[in-house]
Amino acid sequence: MAEIKPTQEANKKFKPKELSELLNTKFPPQRWLIEGLVPLGGITLLSGAPESYKTWVMLDAVIAAAEGRHLFGKIPVAKTKVLIIDEESGGRILQERFISLRASSNSPIYLESMRGAIFTDEYASGLVKWCVKSEVGLVVIDSLSRIHRGDENTAKDISALFANIRKLTNSGISVIVLHHNRKSTPGFS
């Protein structure tokens with residue numbers, strides 16, 4: 001068998017660190033949009049079975065962020081403008097739920113509902129520009145299965161989708177993505 005030799009180009013890019021270097025690195029403390037739950041400039045996946053109140057939890061978190069109040073009356077939340085990309089519920093349902101949750105009509109919450117958002121390179125780049133210009137610090141996507149045309153069981157497709165979502169986090173914007181767990185199959189848990 002022939003020996004595999006790395007190319008000079010690969011040698012230039014490959015520079016592993018020793019563990020001691022990592023352990024001696026001083027990182028800034030983690031900063032949170034929602035304390036202990038949603039990191040500033042990070043992606044958080046809110047996943048659960050269908051009809052498990054994911055949208056209700058998300059809306060309460062959105063209101064807390066937009067109004068700068070504690071989530072569930074206990075968890076500190078940084079105040080920021082919010083964009084909801086809703087491809088799941090629709091305006092009527094969101095309106096009913098916002099009213100039930102007593103959201104203020106003056107809250108800095110923006111909605112893009114049932115418009116067929118697909119996270120292509122172009123869409124994500126335009127979204128980042130709009131969010132930065134509008135000073136939006138949190139984008140909520142409902143739901144993962146509706147914002148791409150790829151196969152959720154194919155790593156390549158999901159990797160490309162999350163590369164586009166990371167365009168938001170690379171700009172310091174926190175992202176919450178709602179996702180439905182797979183429906184259970186008899187005999188499997």
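Of the 189 residues of the protein chain, 35% count as buried, that is, they have under 20% relative accessible area, with exposed meaning over 50% and partly exposed in between (1.4 Å probe, protein chains only). The model is predicted, so local features need pLDDT of at least 70 and side-chain atom pairs count only at pLDDT 80 or more, while totals for chains, interfaces and linings use all residues. Residues are numbered from 1 along each chain as its sequence is written, and side-chain values use heavy atoms, leaving out hydrogens and water.

**Overall fold**

The protein chain contains six helices and seven strands; these are DSSP runs numbered from the N terminus, helices being H or I with at least four residues and strands E with at least two. Their order along the sequence is α-α-β-β-β-α-β-α-β-α-β-α-β. Among contacts (heavy atoms within 4.5 Å) between residues at least 6 apart in sequence, 72% join residues at least 24 apart.

Strand β4 (residues 81-86) pairs with strand β5 (residues 109-113) in the parallel sense over five bridges; pairing requires that DSSP finds at least two bridges between two strands. The chain passes from β4 through helix α4 (residues 91-100) to β5 in a right-handed β-α-β crossover, which means that, with the strands pointing away from the viewer, the path from the first strand over the helix to the second runs clockwise. Within this pair, Leu-83 has Tyr-110 of β5 as its bridge partner.

**The largest pocket**

The largest pocket has a volume of about 300 Å³. A pocket is an open set of points on a 1 Å grid over the protein atoms alone, where a 1.4 Å probe fits, with protein on both sides within 12 Å along at least five of seven lines; lining residues have an atom within 4 Å of a point. The volume is the space filled by probe spheres set on the points, which are joined across faces, edges and corners. Of the 15 lining residues, Glu-51, Thr-55, Ser-89, Arg-97 and His-180 are the closest to the centre. Helix α3 gives the most to the lining, with three residues.

Ser-89 is found in the loop between β4 and α4 and is buried, at 16% relative accessible area. Its contacts beyond four places in sequence include Thr-55, Arg-97 and Asp-142.

**Backbone features**

Most residues other than glycine have a negative phi, and most peptide bonds are trans.

| Residue | Phi | Relative accessible area |
|---|---|---|
| Tyr-53 | near 70° | 55%, exposed |
| Phe-72 | about 55° | 46%, partly exposed |

The peptide bond from Asp-142 to Ser-143 is cis, with omega near 5°.
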